[in-house]
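Let's take a friendly walk through a protein fold, one step at a time. Have a look at the picture first, and then we will go through the parts together.

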Amino acid sequence: MRCLTCQSLSMKAICKDCQENFLSSSFYKRELEKDFFVYSFYKFDEVKELINTKYQFYGDRVFKILSTLSLQKFSSNFTFPHKIYAIPIDDHTFHQFSQTAILTKSLQSKFIKPIFNTLKATNRVKYAGKDLEFRKKHKRDFVYVGKKDIQVILIDDLVTTGLTILEAKECLEKNGCEVLFALTLSDAKN
Ligand SMILES: [Zn+2]
């Protein structure tokens with residue numbers, strides 16, 4: 001196949017050179033509400049086309065590469081006094097795979113245990129291109145069916161206004177969980 005970025009022949013969806021030259025991740029921090037932060041690894045504009053592969057059949061390969069270069073790297077340096085849990089925000093599958101599940105899986109470590117299919121949006125209205133007013137009016141209405149009283153990291157592919165993350169956090173807190181912080185692959189505001 002050909003590399004999605006430079007079109008040269010490659011065994012991987014993104015060739016090794018492009019991974020090294022264009023996709024070495026950074027680390028951004030944004031406060032969503034008092035003392036609650038979301039950390040991200042790419043500016044959305046830099047990886048927009050790659051993130052949009054979530055609608056393509058080969059998107060899982062792209063997300064696995066991006067996860068390895070960002071969240072997995074984070075996880076390998078992350079320590080905590082005890083085991084905490086990583087929960088993807090709404091990991092239902094659009095097509096053949098769930099991009100948030102792939103991101104979350106890559107965090108698996110001695111300290112982080114990913115759990116799946118526990119946090120679901122009951123309202124999947126599309127936010128792309130909509131303003132804050134619209135987003136506030138049309139909430140995701142999350143339902144959580146996982147373990148209670150645990151410490152959690154929330155995972156998503158993109159943070160824009162942060163409303164979805166805050167709504168997911170609120171839902172988990174109602175279920176007795178403590179949300180430590182959120183991790184997203186990219187941030188649209190950076
Ligand atoms: Zn390339």
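How many helices and how many strands are there in the protein?

## The overall picture

The answer is seven helices and eight strands. Keep in mind as you look around that this is a predicted model. The radius of gyration is 16 Å, close to the 16 Å that the globule rule gives for 190 residues, so the protein is as compact as a globular protein of that length. Along the principal axes, its C-alpha atoms fill a box of roughly 50 × 40 × 30 Å.

How much of the chain is tucked inside? Of the 190 residues, 33% count as buried. Contacts also reach along the chain: among those between residues at least 6 apart in sequence, 71% join residues at least 24 apart.

## The sheet

Now find the open sheet, where six strands are arranged in the order β1-β2-β8-β7-β3-β4 with mixed pairing. At its edges are β1 (28–33) and β4 (112–114), each of which pairs on one side only. From one strand to the next, the twist averages 30°.

Let's zoom in on one pair of strands. Strand β2 (residues 36–43) and strand β8 (residues 178–187) pair in the parallel sense, over five bridges.

## Helices to look for

Helix α7 (residues 163–174) lies across β1, β2, β7 (151–159) and β8, and runs at about 160° to β7.

Next, turn to helix α3 (residues 59–69), where Gly59, Val62, Phe63, Leu66 and Ser67 are buried. These residues cover an arc of only 135° around the axis, which puts them on the same side of α3. Why can residues spaced along a helix point the same way? An α-helix has 3.6 residues a turn, so residues three or four places apart do just that. The cover over the buried residues of α3 includes α2 (44–51), α4 (71–77), α5 (99–105) and β8.

## The nonpolar core

The largest nonpolar core has 38 residues, and among these Leu154, Ile155 and Ala168 touch the most other members. At least two residues each come from β2, α2, α3, β3 (84–88), α5, β7, α7 and β8. Which strand gives the most to this core? That is β7, with six residues.

Leaving aside residues up to four places away in sequence, isoleucine 155 touches Ala86, Ile87, Pro88, Ile89, Thr100, Leu103, Thr104 and Leu183.

Definitions and conventions:
Residues are numbered from 1 along each chain as its sequence is written. This is a predicted model: local features need pLDDT of at least 70, side-chain atom pairs count only at pLDDT 80 or more; totals for chains, interfaces and linings use all residues. Two strands pair if DSSP finds at least two bridges between them. Helices (H or I, at least four residues) and strands (E, at least two) are DSSP runs, numbered from the N terminus. Axes are lines fitted to C-alpha atoms, for helices over the stretch in contact, and angles run from 0 to 180 degrees between N-to-C directions. Two residues are in contact if their C-beta atoms, placed from the backbone, lie within 7 Å. The radius of gyration is taken over C-alpha atoms; the globule rule is 2.2 Å times the number of residues to the power 0.38. A residue is buried if 20 or more other C-beta atoms lie within 10 Å of its own, exposed if 12 or fewer, and partly exposed in between; C-beta atoms are placed from the backbone. The arc is that of the directions from the helix axis to the C-beta atoms. A nonpolar core is a set of buried Ala, Val, Leu, Ile, Met, Phe, Trp, Tyr and Cys residues joined through C-beta atoms within 7 Å.
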